[in-house]
Amino acid sequence: MTQAASHIHDRLLIIDFGSQVTQLIARRLRELSVYCEIHPFNRVDEAFLKAFAPKAVIFSGGPASVYAEGAPMPPAGVFEMGVPILGICYGQQVMMHCLGGKVEGGHGTAEFGRAFVTPTAQKLSILDGWFTEGDEQVWMSHGDHVSKIAPGFEVYGTSPNAPFAITADVSRNFYAVQFHPEVHHTPKGTKLYENFVRLAGFTGDWTMASYREDAIAKIREQVGDKQVICGLSGGVDSSVAAILIHEAIGDQLTCVFVDHGLLRKNEAAEVVKMFRDNYKIKLIHADESDLFLGALEGVSDPEVKRKTIGRLFIDVFQKYANQIEGAEFLAQGTLYPDVIESVSFSGGPSVTIKSHHNVGGLPEKMGLKLVEPLRELFKDEVRALGRELGLPQSFIGRHPFPGPGLAIRCPGEITREKLAILREADAVYIDQIRKHGLYDEIWQAFAAILPMKTVGVMGDGRTYDYAVAIRAVTSVDGMTADTYPFTNEFLGETMTRIINEVKGVNRVFYDLTSKPPGTIELE
């Protein structure tokens, strides 16, 4: 993490014990303007704690049993730091285990899913705003349970299968809950976090305005008077990174925009206009669509498509980057989830370190040093930083778009004809969504052209044209997704527009598949 952030912001440490939703804890805290970092339990020792100097600590959940051999444990010194600690699920159990309580498994006390917690007669500061209308709904996910609380702890909430659902040692500012306040199925979970960070003394100084200043200072310190190359995809992450770096070092930055011929309608022209005209950033528009589409001719396997596009991207980017004299740095739009995923929870190096989809492998191949000004941010924070930098909301709020572009929205073989039809159908569909004021309610929406033709009747004639699928999903983080519930009137109007306005389409399907079992994209 940046030294600027370390020096300016109070920090909260999240010790990760392997929960699938640990990132949600960090997101909830960032939404409260609290700077926090996630670190695996096996990377946190006494020296780390001293150097990190957290103002508070949270123990995440996890799949292990605290009484099993080799179970994940926090460093003993964490309990002697004199800072507030909050344990969640496994985090509660490991606190009890380490401090003299007892945890057991089985005996019919597992809880998975929605549950309700009943308060005891005692009041607790981190529960301010809770139990105002009786029992509170929470989300449980535990097989083991605390059967004896540690000395000094009292019970403040119970559930049918968790008699110690909320416990605390107020004198030491230790708090522990068996449920998961970070998930949206615990409606007042954010309030609990808000109370915890308030009592820990956080002032909410983590803002995008301060981050912008810190990041600019760090970029200038890191880069000096050297040249930087940025692989620009036109997406939100790389665009925000480019504009932030340009604000820091001006003409020392050159962006390379590789146009692989798989972008949406007018997208390449819009990207070039925005960066050259609006931001006056040096930009190389590498139109290599013939190269990419030629290499993809006859290819139908989705993995082969992705690998072909990735390999060619590296080759093309390197060709143009070599034209930039004195370049020593490569800018990437790496985000904090990428950083978290690059650290193996098991303790060894991860098998694959996740790279930005457009420039993976380039730093090593080209001998460049990395500039990653977004590596402390979640996606929603990147959007907030983009607004802070003055990017228009119409751009900041755009739906996610995959690195391989329309290649994975064209199942089967890719042809120029099919891409042209797909661009037009997608443009009509997105126009419909915007026209009805639905765009910001939807996580991702797009059209795909199916590898099939169907018989139709248009006017007095028979047609044999392509079928198009339209898809729209809602999601919080892209890990799971539900189909957006369009009305039949909307779907009928959209189908009519696509068939009437897009030559080569005579049938439209609406994809109702959630994730899981499907994925958001078709390939």
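Predicted model: local features only at pLDDT ≥ 70, side-chain atom pairs only at ≥ 80, totals over all residues.
In what follows, two residues are in contact when heavy atoms of theirs lie within 4.5 Å.

**Leu 86 and its surroundings**

Setting aside residues up to four places away in sequence, Leu 86 touches Val 57, Ile 58 and Phe 59, then Met 95, then Tyr 175 and Ala 176, and finally Leu 192, Tyr 193 and Phe 196. Its relative accessible area is 0%, and since buried means under 20%, Leu 86 counts as buried. Phe 52 makes a handy reference point: 34 residues separate Leu 86 from Phe 52 in sequence, and their C-alpha atoms are 17 Å apart in space.

**The annotated active site**

The UniProt record, an unreviewed entry, gives the feature "active site" at Cys 89, His 180 and Glu 182. These residues span 94 residues in sequence, yet no two of their C-alpha atoms are more than 11.2 Å apart, so they gather at one spot.

Where do Cys 89 and Glu 182 sit? Cys 89 has its place in the loop between strand S4 (85-88) and helix H4 (90-99), while Glu 182 lies in the loop between strand S11 (174-177) and helix H5 (189-199).

| Residue | Relative accessibility | Class |
|---|---|---|
| Leu 86 | 0% | buried |
| Cys 89 | 4% | buried |
| Glu 182 | 0% | buried |

Which residues does Glu 182 contact, leaving aside its neighbours within four places in sequence? They are Val 21, Leu 24, Ile 25, Arg 28, Ile 88 and Tyr 193. Tyr 193 is also among the residues that Leu 86 touches.

**Helices H9 and H10**

Finally, a look at a helix pair. Helix H9 (residues 289-296) packs with helix H10 (residues 302-321) at an angle of about 150°, and their axes are 10 Å apart. Angles over 145 degrees count as roughly antiparallel, which is why H9 is described that way relative to H10. The crossing of H9 past H10 is right-handed. On the H9 side, Leu 291, Phe 292, Ala 295 and Leu 296 make the contact, and on the H10 side Lys 305, Thr 308, Ile 309, Leu 312, Phe 313 and Val 316 do.

Technical notes:
Residues numbered from 1 in each chain as written. Heavy atoms only, no water. Axes fitted to C-alpha atoms, helices over the stretch in contact; angles between N-to-C directions. Helix = DSSP H or I, 4+ residues; strand = E, 2+ residues; numbered from the N terminus. Parallel < 35°, antiparallel > 145°, perpendicular 65-115°, else oblique. Left-handed = near helix turned anticlockwise from the far one by under 90°. UniProt positions renumbered as here; feature names shortened; annotations may be inferred. Buried < 20%, exposed > 50% of the residue type's maximum accessible area, 1.4 Å probe, protein only.
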